[in-house]
Each structure stands twice: as C-alpha cells, then as structure tokens.
Amino acid sequence: MNLKSKAKLLLWLHLSKILPTIPLTILIIAAAFTQANAKSTTNYPFTGELKIHGSGPDFTADVIKIEGRVTDEKGAPLPGVSVRIKGTPNGTTTNVDGKYTITVPDRQAVLVFSFLGFSSQEQNIGNSTTVNIVLTAKNATLNEVVVVGYGTQKKGNVVGAVSTLKGDDILQNASPSVSNSLAGQVPGLIINNRSGEPGNDGASLLIRGLNSFGGGTSPLIVVDGIPDRDLNRLNPDDIESVTVLKDASAAIYGVRSANGVILITTKRGKSGKPTIHYDGSYGIQQLTRLMPRVNAWEYMTYYNELNLNQGNTAPYAQSDIDKYKAGNDPNYTSTDWVNAVFRKNAPQDNHSLSVQGGGEQVKYYFSAQSLDQQSNLRNSDEAFKEFNIRSNIDATISKNMKVNLDISARKEDRNNPVLSMASILHEAVSMYPFLPVYWQNGYPDAGVSNGRNPVIMSSSAAGYDMTTNYIVNPKLGFDLKLPYITEGLSLNGYAAFDYNYRAEKTFHQPWDAYTYDLTTNTYSNQRASTSILDLAQDAQLRNENTYFIKLAYDRQFGKHAINVFAGYEQTTTNLDDTYAYRRDLLSNQLDQLFTGSTVGQNATGSAYQDGRESYLGRVAYSYSDKYLAEASFRYNGSFNFPADKRWGLFPAVSLGWKISDEDFFKNNIKFVDHLKLRASWGLMGNDAVAQYLYVARYQLQNNPEYYNYFGGDYTEAKSLYLSATPNANITWEKQDTRNIGFDAAFLSNKLTVSFDAFRFLRSDILAQRNASVPLYTGLSLPAENIGKSLNQGVDFSVNYSETKTVVKYHIGANFTYAKSKIIFRDESPNIPAWQKSTGYAIDSWLVYQTKGIYHTQAEVDNSPHMPGAKPGDLWITDKDGDGQITSNDMVRIPESATPKIMYGFLMGAEYKGIALNLVWSGQAMAKQMILPQAEGSLAAPPAWLYNNRWTPDNPNAQYPRAFNYNDPHNSVPADFWLRDASFMRLKTIELSYTLPANIFERYGVGAVKVFVGATNLFSIDGMQKYGVDPETSNITGVNYPQTRIFRMGLNVNL
Amino acid sequence: MKNKILMCCYILCVMMTACQKDVLNKAPLDSYTDQSVWKDLSLAEAFANNLYNVLPNAEHNWDNTTNRTWALSAVSDEAYNKFDDYGAISVMNPGNLTPDNLGVFDIWARTYSYIQSCNIFLSKIDNVPGDPAWRNRLKGEATYIRAYAYFSLTRDYGGVPIITTPFDLNSNFKLSRNTYDDCSTFIAGELDKAAALLPVQQSSANYGRATKAAALALKSRQLLYAASPQWNTTNDMTKWQKASDAAKAVIDLNAFQLFNGNYADMFTTQNSELIMVRETNKQYMWNAFQGVEMFLSPSGFHGWASYAPSQNLVDAFGTADGKDITDPTSAYDPQHPYVNRDPRFYQDIVFDGRPYGQPAFCQDRYAAGSTNAAEFYEGGLDSPQGWDKWNNSVTRYTFRKYCDTTYNFNTETQTNKFWVISRLSEIYLNYAEAQFYLGNSATTIQYLNLIRQRAGIQTPLLNTLSGPALENKIRSERQVELCLEGHRYYDVRRWKIADVTENKPLMGVVITKNANGSKTYNYTQVQTRAFKPQHYLLPIPKSEINRTSLAQNPGY
C-alpha cells in the first residue's frame, strides 16, 4: 500500500468517526484470545506489583513465630515484600508498615525476602524471634517502571531511546528553574542557560541538537499527560520522574513530536504511614561574569580617537582627560556603571513541604512550596516569588475502578523594573563613565539625557512592572478495569482544564535626576523630562483544555505478552487579553486607572485560539520477554494548516532483542548481565510555526511608529496591513527518525551502559524563501515547506555504582554528539559557493575571515581592503580574489553556536551519612560571536578591547583601532570575533550529612539531612578573559548574566 | 456494581460532551481576512492608511522605516548629526557606502513592500462595494502613494523595475530595471491619474491625505528632477518644458498662497502654503525619542542637538539686503556675523545670543544666572563646557525651524507635528528653475522675488541677472528656503555639483568671549566628507543583487 492510499484509508477512518469501533474491534479480538487462553496465568507485568499466591497450609503445632520489619536503606518501611520460607511455597508479605509475621517449622529455616527492584536476601533464623531486614535496591534498575508516552514500561523492556531521571536527581541543583537541573545528566539533551534574571532563568533545551531552521526546535513538554505546562515553574520536590523521549518513541505525540518530548510525572500517594517531607534552603546568587569596561579617561580617549578616525572633531578636551586621569579632583571621578547597576550577592530561599501517604482506598500526595528569588540588580526591588501547591489524589472506588483528581495551583509574582532589562543594560554599558551615579551632594545624576541613569532606572523610583500569574491546573481521571469483558482490558481517560490568569501592571513615574554645572555649582532637576505618570494594566486569561480517553488491553498469554491501546485526544486553547492605559495620574499616591486623565487613554484587547485533535494507538508485543516489538501511530490534526493539509499520520516501529537472555549468550558471556539491542523508526511532525499562515491576515498596525494621523487635530486613523502573503499549501514538517542502540549491564549490574546512534532526516521544513525571492516583490513571505536537513550523531551514558557495607559511590558519564547538516535551504542564487549553507550546520556562522588587524599603512596598501580601511582595522581575507573586500568574501564555516558535543559527569559517594554529589556539564565544538561594540553608539568598550587596541603608538596591538557599532570595517561578523564556547563547568556540587536516625527518632522525626551546595561553581573555558559566560547567546555581550548559586539547606522526614 | 458502571458511563458522557466538536476549524481572532477587507470600504480605507507609511514624517527614529527625513540633512552639507543616525557618520559621510554597507539608509526593500501593498490595494479596490466617490478617493490616494514610492526609489537608485501587479508565492519574479526615463514617465502618468481621482483639497477631517494638488506638486518635482543635468545629459529642452508646465499647473490651481504669517510658524501650524504634509501625533506611548524639539534643541535647554546646522548652511543665508555674504558690497560684518542677515536666518537657526524658548520653560537657566538666549560661546550653557555637554552642538548652531517653542518640551516630550512634503514655495522654485533653463530669466526672477519678499528681503533681484549668476541665485535660494526639508541632498546630485559641495569639509564655529565682552569667531572643520562619483546614486543592496539579475549602479 502506498503512502497515499494509506492516508486515504486513515482519512476514511477519521471521516467515519469510528472511534467507538476501534475498541470494539479490539474487544472482539481480545475476547477471542480470552477464550483460547482461559487457563493461562495472568499477571500484570507493567503494574509493578507482585502477588504472592496463597498463604500455605495452616501449621498448628510446634511452630515458631517470627516477626520483623523490612525497610529500605533509608529506613523507610517496604510494604508488599515477599517473605518466603526457602524450599517451600509458604510465605507472606509485609504490611503497610513493612511488618510481617510468619511461622516457621524449625530453627533451620531460611527466610527469603524478595521485592521488585531490590536484591533478594536470605536470612537464617537462628535463635531470633525478630528478624529485621534492610533490603538494598538493585543496582541495575531493569525492573524499574519508567514513564513513556501514554503509559509506563519496565525499563528492561523499553525499546526506544529513552532517558530517565528520578526526582531526586534534580534536587541537588540550586537553580529554581527545573530545566537547569537537567544539565549534564541526560545524554542527548543540549542545555544552555542564557540568563540569570529571577523568574526568567530557565535554560534553553534541545533534544539532540537542531533539526529545523524554520519551525520551532523546542521539545514538547508534557507534565502528567498535559502538553505545554511550564517545566521551569514546577516544584522540584514534586517531581517523581523525568523521561526524555529522543527517538521514534516520541512519535506517539504526532505533529508535535519531531523535536523530541520531555515527560514529567509528579509524585503520587503511596499506601502506608504518611511521610512528611520538608526541604528548605537558603542560597546566594552571584553573577558568574561581568564584562569590565573602561574608566572615564579611557572612555574619553577612546571616543576622541574614534571621532578623529571618522573625520570628526575630538569631543573631549585633553585637559579634562588629564583631570580624570589624575583622579584627585572630586569633580572628576569615574564610574564603573556595570558594577553600579549590579550587586554581588542576591539571596534566594525555597521551602517545600509535602505529605505522601494513603491506604487501600485513597492515596494522596500534598505539597506546598514557596520560593523567593531576589535580583542581582543593586538598586532594584526586582524579585521573583512563587507559591506552589499540589494535591494528587487517587481513590479506588471499586475493585476495578480508580479515579484521581490532581490539582496544582501556583502564584507567580514578578516584580521587574518598569524600564526593560534591555534598556537598563544598554544604558549601563552606554553610560559615560565620567558621570557619577550620585553627585557629591547625594543627588542622583541625570545620565546622558532625560534622567536615564541606569541605577535609578532599575529602581522603583521609575515605577514598577508587576506581573502576577495565577495558574490552576485541575485534572480529573479515571481508570476502569473491564475484567467482566475480558481480563486485561481497561478504559481510562482524563480531562484537564488549565487556567492561567496573568495580570500585569506597569506604572511609570517621573524621578529625580540632576545635572550639575561645575562652573556655576548648580544642580538642575531633570524630573520633568524623565517620564510621565502613567499606568497600564494588562489582563490575560488563558485556558487550555485537554481530553484524553483510551481503551487498553494488557495481558500475558504464556510467553506472549501484549499491550495495546487506542485513544483519542484533543487540546484546545483560548486566550483573551484586555489592556487599559491612562496617563497623567493625579498623583503617584494611588496607582489606579481611575486617577488618570481621560485624554490619551487607551483600551484595547485581543484574543487567540488553537486546537489539535488526535487518534492514537500502540501495540507492544513481547515473546518470552526477550523479543520486543512495538508499533504506534498517531493520526493528528492541527488547526494551523488548511483543511486539506490538516491531518497527518505519524507511525513508528521499534524492535528490541534481549540477546543476553538467549542461552547461547548466557552460557558463553558470563560477565554481561544484560544486553538489549534496539532499533526504531518513526515519522514525526512539527507544526510549530506562526499561526494561520494559510489565510491572508490583515492586522491592525500596533506599532505607534507606523500610526497614521489625519485632519486638523491630528486624529489617529487605524491602519491595516497584510501580515504575510498566504500560503495555501502549508503543512507540518516531517522527520524520518531512526535510532539504533543498546542497553547493557555488567559486573552484577553495577556497570550499565546505554548507547544510541541516530539519524534524523527532517523534510518540509517550514522556512521562508527570504534568500531567493527578490526584495522588489515586496512580499512578506510566509513559511513554506521547503527545507531539508539531516542530523546525525550518537549519545551514550556509562554509569557505575557500588554499595559496600558503609561506602556507596557512583560515577557516570554521558555524552552527546549531534551534527546537523543542511540538505536544502533557500539560498540566494548569486552568492558564491563558499557561502552556500548546504552541507553545513543549521546555524553555522557566515563570517569574514581575517588575518588579525592591519598594523601598518603598508599592509593596508598592499592588500585588498574595504574603502576607507586604515591601519588598525580588521585585515579581511579577499576570499574571491577580486582585489576588493565585499560581502562576497564572507565565508560559511562549520562552526556554530549550538554545541555539537555536550557531555556530563556524575559523581557521588556516601560514607556513614556523609554524601558528596557532583554534576559536571560541558560542551565542545561551539563558537559564539561577541561583537564588543555592537550595543550602540555610546558603548563603553570593554577593558580587554581598550587595553590592546591599535593606536599609532601601539601598532602591534591585537585589537582594532577605536570603532563603534556602525563601523563597516570592524563591527562586522568576522571570525576575529568568534570565541570558542567550549566549557566544562561544575554544574552542581552538594555535600550533605544525614544524621543518624536514632537521634531524633524519639521525637518522631525520621531522617534529617543537612546540606551545602553550589550551582555553576566554576567553569573551565576560554570566555573568561572576555568577561562573558560561555553559555551566553548574546552577540553584543550584554545580557542579564548567568548566576552562580551557593546554598545551604535542610531536609527533614517526619 | 451496576451503579459503578453507570457512574463510569456518566463520567464518560461528561467528558465526551465537554469535548469540543470543532477542534480544528479555528480562525485568527487578531486579524481580518480577505473576505472582510475587500467587502468594506472602511476596512479598505484602513489598508490605504497604512500605505502612507512610505511617506516621510517628522519622527526621529533610527530604524526600519523609509523615513530618513532628518538624516537627509546630515548626509548633505546642511547639518551635522552626532549620533550616527542612519549611518550618517560611519557610512555615508566618510564615503564608505558600498552595496554591502548601506546600513539603514537603504530604502529599497521597505519601499517595495509598500509598492506591493499598493498593488494589492489597486487590484482589489475596484470591486469593493460602496460609495464610488469614496472608492475613487482611496484609489487616488493609493495611486499617489505608489507614485511617491517610485519617485523615492528613482531619486535614490535611478531606473528601477516598475511593478504594478501584486506578486503571490507562485509569481514569476524575474524582472529587470526600467530606464530612468521610463520610470519618470510612469510616475508622471500615475500622478495624472491620481490627480484625476482626487479632490483639489481634502475636507478638514481628511487633511493630510493626498489631493489633486499633492499629485501635481509631486509631478512637478519628478519632472524637474528628470530635466536636471543628472538625468538630462543632452539638456533636452522638452524635459524642461514638461517640468515648467507641471509646476505651472500647480500654480494655476490658485488654491494656495505663500504663507504671510510668522515665517517660523509655517512649519508648526497648518497654513495656506502647504500642499501636502504628513502628520504625526503626540502619542500616548511613553517614548521620548520622537519629540522634534527634544532632539533639535541646544544642550543647555536639555535638548540633544542631534542635527546641528553647519556653517556651510549658515553662510548660504545672505544678508538682509538680499546679497550673498561673500559679496563685498553686502552688509555682512565678520565681527558680528549674526547681524543684518537674511530674515530667514533668524527664523531657521538658533545661534549664539539668540533667545530660544519661553523663559518660563527654562527657569533653570535663569537660576544659573543666564537667560533664554543661547550661549554657544566657550563656557556658555550650550557649549561643550555647559550643561549636558555631551549633547552640545558641535557646530554651535541648532535648528529653530520645525521647533514649536510655545510649549515646554522637557515636560511634554512630544508635539503634534507635520512634515512638509510639498509647499507652494517649492513649486515656485521648481517653476523658476525650469523657466531659467528655458531661457525666461524674467519669470525666474519674478518667482524668486516672490519668495524673497515673503521672507522679508526688501531688495528685489535685479532684472539684469542672468547666466551662472542667476543659476547660483536659484540654487542658493533653494538651499536656504528649503533647508532641513530633505531637498538639498538630492538637489546637489541632480545639479551634478555634489562632487564639489559634498567634498567640502563640514564646518562649524568656535566662539570665544573676550574680556571686553566682544566675541571672536573661529571657523573650524567638524567633519571631513568624502564623495565619490558613484555616490550620485545609492547602490542596489547586495542582498538584492545576490537574488536577481538586476544591473548594479555604476561604480559599485
């Protein structure tokens, strides 16, 4: 069957809306199986429960009663542990408190304790009547259950490239944004933190690098089955597990799967005694790096040189420069503006409290978290505060029926400076260093103009921008077993109603800022020109509804295990926005709209909606738990495409072979405990592109710079413009995703290895033809399905862990290599061959190649140069050899800002309650451009640039002569400005001490752990001397820097 | 058991009914679609309104508009710009202009995007139902604006591809350049079409929309350019005749009069001389960067002196008796250079000693022991040693033209403002120039005198003036009367004198106050200028050359 007829068939399936018939068909098949295998034993291979059959014959006489308690290494009771008398079928299981009672026939009896995920243990009774046992978790976690798309699987049976993290693995990172905690821990995940601004310090995530140059590249985030919930703002203590689907295992997410999927599962209740857990910490955030800039006399010298270079007059008198240089006159001082704007330390604190427990009927997990993150802006009230609560409740309302209600709610408070961070930082690096922050009498300085002193701009003197975000995410679910139809059949589903109400209040007010005239010794307040008194309120209500229902069949027949489901999902989003503005408030004493003038008031609003719908299913089959096969499909419709291009089929197939379970292997290769070979293929989609590109959209002009006014009184006339030429053929990006790999365990499961090689062929990439379509067409181009890229690489992880009597340690490494390559991209037909991007990485740099700078006039004269080039300018290579330097001489180079290599090292050791854990994260094969003067016409040059700049007196300098952002010779993309962004940084270090349990036991306190730790403690890289963090993506080198966090804290279990 | 099953069914039903039925048929809620825009003249008018963005306005912005209004003064010999707006300092003036490096001065792509919008509009408007008069007016406006777009392109780049139908994704994009003369004929023809569709003047509520007069005025300028030496190498008299006729057609409308109020108010209040303006409103957004007074005023008034008049321009202002200052018989006194000058000098330029702004608005100057008189002398409040000294005017002049001093710009950072696109004086000057080349010196002198008299110059030009002397008078009259209105940059190019005027260093003055109260004036170079032969035109941007087979302009 060719693809087209397949699609037709599926279209028919869809059109006939035969959803109910799918389960029906399965039912019929299932019933047939049930008849055929009526006698076969059933169990639940994926539920993680182990049933012990029978309690044995009743011994009445001469019996010895043994009792005891089974706990894990942390002392937590283990319910459901099988306790068996060796050599007999007799046994029992532990109760919710981990306690058991058993009667043994004699003192020679040996008890065997076994529990899923733990090493079995045998114990002679001897003369004891109490036998307490501590079971140790198995190193190889093959029986662990991992979350996969729309289900769970035994780790040993996973056939996709799936990496998992436990909740505990991310708790050691001090960053309040969860995405940062994944760094260094997951092979295949490329993570960079770009900013340390409170509330905005999440990391950028890529799964196995870049695959598209048009559509979005971010992975889909799914929290508890609901797409697009915020990963960063989850309470880290709530997270049970993180699963990263890196290959076709993500294909079940259909049109949103091609960038990979990250699944987060939150904690749920457990039967047993409730455990109360407190996790609190106090931390100090420091900026990792700030770019040191020149002082006053250096600044003046630099700009004098610049102006003379440009044929202008020198703006600063030498006599003034000398005074600043001498530095002994209080009227001639120098300000380090960047350090004036930022402070060294900013506190953060985090408290989380949870209760986990339940009985047979109801299990619950409750938690609350409060986070307070202050800003490194020195003179600012900037802060991020968050309050998080969660309630996950599971109720068994009958033998076959479970329901659950999960509610999480969150309040985020962001208090940001009213002027944008970009403008404050721009001002901070553009500010004249000869201006003081405060004059000698304490008045704040007015800056270059209009009181734009960044220290004051960042403060509440200029107003505030406060955003409160209320998030309520209820989710209702049910799980109905249908044994009366056939064993193993179940129906389950959920509905989630995510609400997000975001209210932003932006309040500007004039502030005091003074100019000072030295000759007359007068101060002049520029308050009137700083700002007007105005207030804007923006209210946004977003609602995303998700409905999912599936019919599943999960059963084992002898050596055949089958797990099938078919489901339906829909998500819809609606957003409404209302904005109101008034200016000239009566006073700043009451920041309410009604106090503003009706003149110039503005009320507006907008709305947004989207929707996606899917039919999906999967068949997993295994034979003898050795041969594993899985096939999945999703027939997915996206609102974002025209009606005839809306529905797509995304199939996937994965195969696995536990070769280590074969006799020929087992008998010959003893040192290998487990070896599973895997292969997968899937067709995945990506619909992350601007919305509604298939219709001609006429939008109202909302940029005041383009407003139009007519009439005697300058009345605004609304303007409409065509936002993009419609593309009636737009559809999703497709990715052919292939992966082969293996999982292995050696040395009694102490050493585990997982290896994957992948090949992602992305086609129909949604990119604009903006390189080849002539500008004179005036077309505002929509994305079209025109690009093609290939991304290949490997990732692997190696972990070793060892538990001796008192010492436990683990060490691990993970590694990712992903190399993307453009196969087709729209390019200008007339560019030279060396600029074509075909064959190069998606974000490869296009730069001038340089031979340093011209040191002498002779060098300029004797080589091709740009018009106006002089000694001290970049010496650009004449690539095309035409004797001139033009843009034809730019060259595409293999390097790009996205690292091709990302790696991590994990180390941990524990000795008598003292534990040390380290996570190293690193990247290689990445280059970042730092254009040091690109921030604007007044930018203060960084010290490293200034100190080694070319001047006639310093002809052997390393860096160009004084230049500014518009300089056509030096402020250009050149390999000269590319910096190696390789780094290896100690992402996380934590030292903890768990106090002996007996100390607090009598107070009812369980384990108490104290810890100190740091995040981003140090980094080994080549960017240090430029004063930028190696994870920056900012070309001008001006952004809110990344942070290093020191913290100490306490964990208590009650 | 049954209850439970029922309950499950109930849950299922609730869930299924809660599901939306039509998940995928969504429509954008933030925009109109084709179906609505081209059915409703009011929406069509809103689309036409946006086309006006191709016309210059008085905002001060650095970025992606076609609005280089003020910057045009700083890349000619009129003014000095200290903030490198539109690459004036780094690209244009040092002669660094290349097809790779036009910076934001380039208007190619942005202008063509409005042409595409005009083409969409003109291809649809005929089928929009509604009042035919309204429809025709809108059609006329779009026709005018498209002609303006081509006028802008041809004066910058020479002949360009003429495109009159909208492109879509499947169009054949291959085109070549039309000749300059083709373009000129096209523009003039389109302006005739627009003139036929438009009223002579718009209603008061529609003031600022294109009119018949605006179309004819632009046609006059286009045909004057086409007749000028740059594009009329053979000095074809028929071109001059067309230019003359086009100017005369505007004059013969008899709808406009030279403004006879206070000359300075001509640029701040709507008046009888204005043929076409583009308005900007003081906006409700918090943004100080658009106030004309803010960025033109002297530093001692907390302005930025962003565009400072050059000494070159100041010297072009003659004396009160209508002579050039280089004329030994003129009343010019080098010891007191600001005395006895062309009355327009006092209206257009803020110079040392000139009162500026209302005293109430600059109380801090009085508090410091000064007055509202500008102090550009060394040590003065507006000098490099004064207030906000980094914003001081390097030339020691600022523009008074376009500034409204009736309000306090430090408090109210923006004002309602218009940018003059066409006014009667320009038409008189166009007519005078065309008549001169047609050999009618008397008419030339007649119209020059009308402008000079209105300006307050009591001595008319002698009827005996002719030849190069009269030609120079035409040119300097245009330089002075139309300064800071975006004409000079193009005038020196079409006259083919830019290789002289634009290669002269830009001059300023340094004024020293002597002990006896007298002042010494030292004229200094503030900027070197480098004009190369290719700079008569802009290069077509390299990014366009890379994707087309268009011929590049000579020398690039």
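## Notes on the two-chain model

1. Strands here are DSSP runs of E of at least two residues, helices are runs of H or I of at least four residues, and both are numbered from the N terminus. Two strands pair if DSSP finds at least two bridges between them. Within strand 7 of chain A, Ile133(A) is the residue opposite Val70(A).

2. Before going further, please keep in mind that this is a predicted model, in which local features need pLDDT of at least 70 and side-chain atom pairs count only at pLDDT 80 or more, while totals for chains, interfaces and linings use all residues. Residues are numbered from 1 along each chain as its sequence is written, chains are lettered from A and ligands numbered from 1 in the order in which they are written, and side-chain values use heavy atoms, with hydrogens and water left out.

3. Back to that sheet: it is open, with three strands of chain A in the order 4-1-7 and mixed pairing. Strand 4 (99-104) and strand 7 (133-134) of chain A are the edge strands, each with a single partner strand, so one side of each has no neighbour in the sheet. As a reminder, strands of a sheet pair through backbone hydrogen bonds, either parallel or antiparallel.

4. Strand 39 (residues 807-824) of chain A pairs with strand 44 (residues 901-911) of chain A over 11 bridges, in the antiparallel sense, and Ala909(A) in strand 44 lies opposite Tyr809(A). Strand 44 of chain A also pairs with strand 45 (residues 914-924) of chain A, again antiparallel and over 11 bridges. Here Met907(A) has Leu918(A) in strand 45 as its bridge partner. Two residues sit between the strands of this hairpin, and Lys912(A) takes a positive phi near 45°.

5. Where does Leu593(A) sit? Its place is the loop between strand 27 (560-583) and strand 28 (597-623) of chain A. Leaving aside neighbours within four places in sequence, Leu593(A) is in contact (heavy atoms within 4.5 Å) with residues including Leu535(A), Gln537(A) and Tyr581(A). By contrast, Phe557(A) is 36 residues from Leu593(A) along the chain, and their C-alpha atoms are separated by 70 Å.

6. Now for chain A as a whole, which has 14 helices and 51 strands. Its radius of gyration is 33 Å, close to the 31 Å that the globule rule gives for 1054 residues, so chain A is as compact as a globular protein of that length. Of its contacts with a separation of 6 or more, 71% are between residues 24 or more positions apart.

7. Chain B comes to 20 helices and nine strands. The radius of gyration of chain B is 27 Å, close to the 24 Å from the globule rule for 556 residues, so chain B too is as compact as a globular protein of its length. The C-alpha trace of chain B spans about 115 × 60 × 45 Å along its principal axes. Buried residues account for 63% of the 556 residues in chain B.

Note on methods: The radius of gyration is taken over C-alpha atoms; the globule rule is 2.2 Å times the number of residues to the power 0.38. Buried means under 20% relative accessible area, exposed over 50%, partly exposed in between (1.4 Å probe, protein chains only).
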